[in-house]
Amino acid sequence: PGGEQLLRRRAGTDVSAALDGPPHRHSANARRWLEQYYVGEMEPGEEQPPPGFSFSFQSHPEPVDEKTVDAAAQTPTQMDPRCKTVDVEKDLVDWQKPLLWQVGYLGEKYDEWVHQPVDRPIRLFHSDFLESLSKTAWYVVFMVWAPVVLYLSWVSYTSLAQGNTRLFSSFTTEYSIPVHKYYFPFIFLLGMFLWSLLEYLIHRFVFHMKPPASNYYLITLHFLLHGQHHKSPFDSSRLVFPPVPASLVIGFFYGVLQLLLPEVLGLSVFVGGLCGYVIYDMMHYYLHYGSPKKGTYLYGLKAYHVKHHFEHQKSGFGISTRFWDRPFRTLIPEETFEKED
């Protein structure tokens, strides 16, 4: 969560103490994650970077020479023994084939396996067409749904301006409550608030359900919905909901609101919820790839979400807000450190 500057300040130095905190202790998953970038051992006296030392980060690093990797692998490692290494060559699945149809056979080993994250892209389907529908760039979500939010907001406001919308009119005509156009911003915000609750409930009870070890299909469904994201949390093409499957879920909730509320009122709540969803998806991508400034709201959320991925998978279900983690008692506890003498 500290971003590039945090790494630059520690370039060429021993970070063993920093991994134990403060500000927090790094999890076994975080320590194991470092093994993916292991190159070799430093000789005594080489810990400090030489004058003029500089380096850069690449989002898509150049391929490493296989001989260099082999030589590094043969070098005795001093990595923390608590880390459980994931060797993709000897993993429980074949990474050269689509994973979706393999994970169901993991049975009791699935839950532990899916929560040991790796830094590599995932392929789900044999079909290139189905695979393309399961992936999307972050900006596609904004390009598809932002115009829909604007259009439906205009439709809702102009419809309310006609003065024909009344609440409880199906129960009583005399005591029904008129809904004026000036109420639209508040109804819109209500939709966003309800989305934040729905976001929490879906993440906790659907995405983080623990499928029975004996049920191949539920394990496969879990991996399709969310397990893939926990296995490869930095696969940039799988951080937001693809528009095609998203439209089915969005259509379902639109239908529910139309059944429960007057047409225009249901549409007004819906468009606020849809806006909340777009903000959520954009924020989720940023929490994985952005570098917010320390001390800001997004910095705290990023650190919170990273803890959810690497150590606290059974808590910290809020993404765009931690609000609902408090009443549902799933808030990730703050770490405390005793003062050293």
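Student: Does histidine 230 count as buried or exposed?

Tutor: The cut-offs run like this: buried is under 20% relative accessible area, exposed is over 50%, and partly exposed is in between (1.4 Å probe, protein chains only). Histidine 230 comes out at 2%, so it counts as buried. Keep in mind that this is a predicted model: local features need pLDDT of at least 70, side-chain atom pairs count only at pLDDT 80 or more, and totals for chains, interfaces and linings use all residues. Residues are numbered from 1 along each chain as its sequence is written, and side-chain values use heavy atoms, leaving out hydrogens and water.

Student: Where is histidine 230 found, and what is it in contact with?

Tutor: Look in helix α9, residues 216-231 (helices are DSSP runs of H or I, at least four residues, numbered from the N terminus). For contact, think heavy atoms within 4.5 Å. Skipping neighbours within four places in sequence, histidine 230 has Val114, His115, Pro117, His208, His308, His309 and Gln313 in contact.

Student: Which side chain makes a polar contact with the one of histidine 230?

Tutor: That's histidine 208, at 3.2 Å. A polar contact is a pair of N or O atoms within 3.5 Å; within protein, one must be able to donate a hydrogen and the other to accept it, and residues adjacent in sequence count only if both atoms are side-chain atoms.

Student: What about histidine 203: buried or exposed?

Tutor: Buried, because its relative accessible area is 3%. Histidine 203 sits in helix α8, residues 184-207. Beyond four places in sequence, it touches His208, His226, His308, Phe317 and Ile319.

Student: Which residues does UniProt place under "binding site"?

Tutor: The unreviewed entry lists His203, His208, His226, His229, His230, His284, His288, His305, His308 and His309. Of these, His288, His305 and His309 are included in the lining of the largest cavity. UniProt positions are in the numbering used here, feature names are shortened, and annotations may be inferred rather than shown by experiment. A cavity is a set of points on a 1 Å grid over the protein atoms alone where a 1.4 Å probe fits but cannot get out, and lining residues have an atom within 4 Å of a point.

Student: Where is serine 236 found?

Tutor: In the loop between α9 and α10 (243-260). With 33% relative accessible area, serine 236 is partly exposed. It touches Thr136, Tyr285 and Tyr289, not counting residues up to four places away in sequence. Serine 236 and tyrosine 289 are 53 residues apart along the chain, yet their C-alpha atoms are separated by 8.3 Å.

How values were computed: 1 Å grid on protein atoms, 1.4 Å probe; cavity = no way out; pocket = protein on both sides within 12 Å on 5 of 7 lines; lining within 4 Å. Helix = DSSP H or I, 4+ residues; strand = E, 2+ residues; numbered from the N terminus.
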